[in-house]
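Dear colleague,

Please find below the structure that I am handing over to you. I would be grateful if you would look at it before reading my notes.

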Amino acid sequence: MLSVIRRYTPPTCTLEIKVKNSPLSRWLRRPSLKQFRFELRFDDPRKAQDKPVTISGDRAQLEQLADMVNTYVQEFLALPANSLSLTGGSAKAISSSNFQEISAASTSTPSLKPRGLVAHELFFGSLATETSGQVIKLSALQLFDLTTALDECTADLATLPQGAPRSAPAALNTSGSLRDRFATLKTVPVWSAAIASLLLMAVGIIVLGVGIIKQRSLQTSPLASNQEQDSDSKERKTIDVLPPVAPQSSSTAKPSLKVPSSLSSQANLPPPPPVEPPQLSTRITDKSERKAISVAPNSPKKTSPSLSPLANSDPASTKTRSSSPSSSRIVTKLPSLPPLLPESSTSLQKREQAPVPTVSDSLASGNLNQSESNSTTALNNIPQLAEVQQYLKQRWNPPEDLSRTLQYRLIINPNGSIERIIPLGDASKIYLDRTGIPLKGEQFVSILEKKQQLKIRVLLAPEGIVQTFLE
Amino acid sequence: MQHSINQSSPAREWKDLSIAQTPSIDNLSNIKTHLDLIIIALESLAGISSEAMLQAAKKLNLDSVIADRVTLWRLRQSNPQRKSSGGRKKLDVEEARSLVLIVCYLAKQHQELIRRACLLLEQTIQQNQPPHRSGLLGDYLDAFSNTYQERMEEAEPLSTDILYQLALKLLIDLIFYSSAQGHRRLWLALLDYSK
């Protein structure tokens, strides 16, 4: 059964994101990453219709649709005023090179075409169904609403590895900003869900063991207690920076299962940090630097900001939603997916769950100041991951005006060359040539053991940190 | 509404407005012109004054770039199509970025009004009615035409139809610029105009 985990509701359409809610996912209190589906309903209240036109698809199709709409809107905005007539029926036809055209009804790629200044036609392509038809006419406002919903959804998805966001139902209310709703988003790669379940058993044993050790150390000397605190500090630091794969491969992973109690004190995560422009005050600079520190053990509260990831990559989106409530029907419920941090901190404190969510928060935010040795340790299982990481680390020179983490999906051929580079998000597209990622076809890593393609997610942070993960 | 707008991150939005390369001087003229027209459209529709723009600059921490009316006037005068009055003709990238953020901030504030105007436009077109017959649209079109003719140097006066066409295209553009990604869209559109 698919559960709705995100809903975007501008006035004339509704975009829902659904994922499968399996028993394991319910037990782990996070959604399964399988069967990501989107559903887009054109439910303009001005139009009398028994059933709104609805299309649906998977994540790739959603991203394709969003990309197409975004490109179309940008082309539309760049058009001179005299390119479009009011009604669309005049002789002033649009140059077909400016817009995506469909040559035949069998074209699978969705596309948009202008029909005057205030009308557009959206061809569904492969998304078309019998009930939806091949095409729908959209007014300017309907296109705007569609763009708004796709923008917000894309911004959420762009910060996540292959997987669905977890939601914080408690934070989902009509007055909450988009930023607050995503304040507790966590990300768990598909493979780590299975690892997490095994970890839970290990955690219980370790907790018992640590508890016993603590009791003994308290009985011995105060110095031992201090040492324990230090190791706790280190563990906290480790927790927040280890990628999800860490527990399997690192001996430090076990102690890292402890969760800083300070996290439980956080009721709401503050908005993402601003990034300093050249002429802004140092006040903002300091603020962004402080918030960029993910886990200093002596300032555990600072971890919270870093856990508020670039899931909301554009804070302006939160303003829009809350600043014009009358133009939005508002949003999301998502109650079947309880939040993990900070609302779920009690469960974390019980040490019943793996620190994976915390880790992946820091991961998703890209605001890590952890030394890379820990992450490298975690990557040793798959040599190509470390090779990619090392390769890009030497070449990644973040542009000064970059404020967000760039994400790319690399598809590696069995012979170690790049099959495809997929930039995720607009910023990634803009800065692709600055990343040092080699060209398609170039030998990149060593030959893969298994004769099948490898999908790697690469994160390039503005601080210069490079991370790689399997997809 | 105000509070949520104040929660914006001007620094982050500023960083969104990056350019891979600086447009040439000739191409910058197109940017200056288009930016000025967008502002005129917003002024004509929402009655936005210089004071509102300066207040927006302050809220967005851009008052170091646009501090007073004189500066704002000079930046507006940089539009080469303006009737020359000896004002400053330059508009650097920082100033253009600031104006983009201010315009989009104000568009967000007036999104309801812009949306209503767009809705009226859709309805009048659907009903085969001239847009200027609608109260809100009529006022907007008149204000835009008057301001344009008053401020722009044209070899020959533009016809009413052309001015209306321009005003209505800018109105539709404004609804997109009023969104969360509006500042990026406007910036990219300006860069497209510069090519």
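This is a predicted model: local features need pLDDT of at least 70, side-chain atom pairs count only at pLDDT 80 or more; totals for chains, interfaces and linings use all residues.

For the complex, the predictor gives an ipTM of 0.88 and a pTM of 0.55. Chain A has an average pLDDT of 66, with 49% of its residues scoring at least 70. For chain B the mean pLDDT is 83, and 84% of the residues reach 70 or more.

Some stretches call for caution. In chain A, pLDDT stays under 50 over residues 90–98, where the model has 11 contacts beyond four places in sequence. Residues 231–260 of chain A also stay under 50 in pLDDT, and for them the model has 74 contacts beyond four places in sequence. In chain B, the pLDDT of residues 1–7 stays under 50, and the model has 17 contacts beyond four places in sequence for this stretch.

I turn now to the four-stranded sheet. In chain A, four strands form an open sheet in the order 1-2-3-4, with antiparallel pairing. Its edge strands are strand 1 (2–8) and strand 4 (53–57) of chain A, each of which pairs on one side only. From one strand to the next, the twist averages 20°. Strand 1 of chain A is joined to strand 2 (residues 14–20) of chain A by six bridges in the antiparallel sense. Within strand 2 of chain A, E16(A) is the bridge partner of R7(A). Helix 3 of chain A packs on this sheet and touches strand 1, strand 2 and strand 3 of chain A. The direction of helix 3 makes about 120° with that of strand 1 of chain A.

The three-stranded sheet comes next. Three strands of chain A form an open sheet in the order 5-6-7, and here the pairing is antiparallel. Strand 5 (111–114) and strand 7 (135–139) of chain A each have a single partner strand, so one side of each is left without a neighbour in the sheet. Neighbouring strands of this sheet are turned by 25° against each other on average, direction ignored. Five bridges pair strand 6 (residues 119–123) of chain A with strand 7 of chain A in the antiparallel sense. H120(A) stands opposite L138(A), which belongs to strand 7 of chain A.

Which strands of this sheet does helix 2 of chain A touch? Helix 2 (residues 59–77) packs on the sheet through strand 5 and strand 6 of chain A, and its direction makes about 20° with that of strand 5. Helix 3 (residues 140–158) of chain A also packs on this sheet, touching strand 5, strand 6 and strand 7 of chain A. The direction of helix 3 makes about 100° with that of strand 7 of chain A.

Over all chains, the count of aromatic pairs comes to five. One of them is formed by F42(A) and F124(A), a tilted pair with 6.1 Å centre to centre and 40° between the planes. F42(A) lies in strand 3 (residues 37–42) of chain A and F124(A) in the loop between strand 6 and strand 7 of chain A, so the pair ties together parts that are 82 residues apart in sequence.

Lastly, there is a contact between the chains. The axes of helix 2 of chain A and helix 9 (residues 160–177) of chain B come within 10 Å and cross at roughly 140°. This crossing is left-handed. On the side of helix 2 of chain A, the residues are V73(A), F76(A) and L77(A); they meet K169(B), I172(B), D173(B), F176(B) and Y177(B) in helix 9 of chain B. By type, the residues of this contact divide into six nonpolar, no polar and two charged.

Yours sincerely

Key
Residues are numbered from 1 along each chain as its sequence is written. Chains are lettered from A and ligands numbered from 1 in the order in which they are written. Side-chain values use heavy atoms; hydrogens and water are left out. Two strands pair if DSSP finds at least two bridges between them. Helices (H or I, at least four residues) and strands (E, at least two) are DSSP runs, numbered from the N terminus. Axes are lines fitted to C-alpha atoms, for helices over the stretch in contact, and angles run from 0 to 180 degrees between N-to-C directions. Contact means heavy atoms within 4.5 Å. pLDDT is the predictor's confidence in each residue, from 0 to 100. A crossing is left-handed if the near helix is turned anticlockwise from the far one by less than a right angle, and right-handed if clockwise. Ala, Val, Leu, Ile, Met, Phe, Trp, Tyr, Cys and Pro count as nonpolar, Asp, Glu, Lys and Arg as charged, and the others, Gly among them, as polar. Rings of Phe, Tyr and Trp (its six-membered ring) pair if their centres lie within 6.5 Å; planes under 30 degrees apart count as stacked, over 60 as edge-to-face and the rest as tilted.
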